[in-house]
Amino acid sequence: MSKQPVSMILGTGSAAPKKVLTNFDLEKMVETSDEWIRERSGIERRHILEDGKTNSDLATEAAKKALEDASLTAKDIDAILIGTVTPDMLFPSTACYVQAKLGAKNAAAFDLSAACSGFLYALTIADSFINQGDMKHILIIGSEVLSRWVDWEDRATCVLFGDGSGAAVLGPSDGKKGILSTYIKRDGRLAHLLNTPGGGASHPASHETVDQKMHYLKMAGREVFKHAVRTMADAAVHGIEKAGFTDHDIDLLITHQANVRIINAIGKRLKLSKEKVFINIQEYGNTSAATIPIALDEARRGGRLKDGQKCLLAAFGGGFTWGASMIQF
Ligand code: ACO
């Protein structure tokens, strides 16, 4: 028996900076090659936010498109939730800046930190807020400016990440369409494999933390890869089963876009044909919490995801965090 949905996606939007950095550009910056990056990760380009703009600018652009798609205005929004690990500032939240830029005068606003799983965590919270009945329309956003956190001299990380933002408006289900399952988990014992150690309470910013490059993102790529495949595949299976379906019922799989080899491994585990697995990592690289909402928006607008179809979202990220959600469109 499948669950009766409480909330549904009313609209989506996304935004990417105009400036593009190709693998060939990176060949001139660090010792790497277009061939290595494409073969190991599937990435060809990434978008980089111009100086003078910040995360909340990108998030606001994506949010405006999602509101327009939902035929709502900013005043209709009861809460703004942003999954991000690259906020405008440590505080106040990036969501507060977006609230002001949108003029969403009735909205509560907060950020949540779940790295690449941030959008799925936001979706889960928004679904449950709507279920409680106090809120009707919630703007959920995954938005990142990772270009400001990567060490552009470290070839092991700088080739992988990019900037972007994706948003969705959640509202009450019409009884047919909506969120059929949500599933979120974590294992904080593995935090050391993917983090930004400097600038927080553990290592407050100092000349020493800057000299040691502790304010940059650090990742044990090979180990993260193994966990990503296993936990995202397990999450996907839980997401399907919680919704009361099997892998045959999936029309489109959208996973976190960190590496094309990880995405294909999940598709294989669920025995999905290539047409049912959405991939856009070649264009954006890993935009952390933004990969899933950007992909969702592109899939809807590009006709890959149509009314009547079921989409499975699956994420994995620093923390470690992971999760999945089955959605009826
Ligand atoms: N160009 C050329 N060579 C490189 C580069 C580069 N950019 N980077 C690393 N290499 C070299 C390494 O030094 C290594 O050389 P060695 O064998 O002489 O030591 C070799 O290439 C292989 O390196 P690996 O790290 O083993 O390569 P791998 O096949 O594992 O791919 C990658 C690396 C792409 C990072 C992969 O491990 C990966 O995708 N990991 C998961 C990332 C992920 O899922 N992150 C999720 C969350 S992100 C978030 O939450 C913010």
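## Packing of α8 and α9

Contact here means heavy atoms within 4.5 Å. The model under discussion is a predicted one, and in this model F225, A228, V229, R230, M232, A233, D234, A236 and V237 of α8 meet R261, I262, A265, I266 and R269 of α9. Sorted by class, the contact of α8 with α9 has 10 nonpolar and 4 charged residues, with no polar ones.

As for geometry, the axes of α8 and α9 are 9 Å apart and the two helices pack at an angle of about 35 degrees, in a crossing that is right-handed.

## Packing of α3 and α4

Helix α3 (residues 55–69) and helix α4 (residues 94–102) have axes that come within 9 Å and cross at roughly 55 degrees, which makes α3 oblique to α4. The crossing of these two helices, α3 and α4, is right-handed.

On the α3 side the residues in contact are N55, S56, D57, A59, T60, A63, K64 and L67, and they meet T94, Y97, V98, K101 and L102 in α4. By class, this contact of α3 with α4 has 6 nonpolar, 4 polar and 3 charged residues.

## The largest nonpolar core

In soluble globular proteins, nonpolar side chains tend to be buried together. The largest nonpolar core in this model has 44 residues, and those with the most contacts inside it are I266, L270, L312, F320 and M326. Two or more residues each are given to this core by β8 (178–186), α8 (221–242), α9 (260–269), β12 (310–317) and β13 (321–328), and the largest share, 7 residues, comes from α8. I266, listed among the residues with the most contacts inside the core, is also one of the α9 residues that meet α8.

## Two buried residues

I292 has its place in helix α11 (residues 291–301), and because its relative accessibility is 2%, I292 counts as buried. Not counting residues up to four places away in sequence, I292 touches F119, L120, I254, T255, H256, L313, A314 and A315. For one of these residues, T255, the C-alpha separation from I292 is 6.5 Å, although the two are 37 residues apart along the chain.

N280, by contrast in its setting, lies in the loop between α9 and α10 (281–284), and with a relative accessible area of 5% N280 is buried. Leaving aside neighbours within four places in sequence, N280 is in contact with Q257, I294, A295 and E298.

Methods
Residues are numbered from 1 along each chain as its sequence is written. This is a predicted model: local features need pLDDT of at least 70, side-chain atom pairs count only at pLDDT 80 or more; totals for chains, interfaces and linings use all residues. Side-chain values use heavy atoms; hydrogens and water are left out. Axes are lines fitted to C-alpha atoms, for helices over the stretch in contact, and angles run from 0 to 180 degrees between N-to-C directions. Helices (H or I, at least four residues) and strands (E, at least two) are DSSP runs, numbered from the N terminus. Angles under 35 degrees count as roughly parallel, over 145 as roughly antiparallel, 65 to 115 as roughly perpendicular and the rest as oblique. A crossing is left-handed if the near helix is turned anticlockwise from the far one by less than a right angle, and right-handed if clockwise. Ala, Val, Leu, Ile, Met, Phe, Trp, Tyr, Cys and Pro count as nonpolar, Asp, Glu, Lys and Arg as charged, and the others, Gly among them, as polar. A nonpolar core is a set of buried Ala, Val, Leu, Ile, Met, Phe, Trp, Tyr and Cys residues joined through side-chain atoms within 4.5 Å. Buried means under 20% relative accessible area, exposed over 50%, partly exposed in between (1.4 Å probe, protein chains only).
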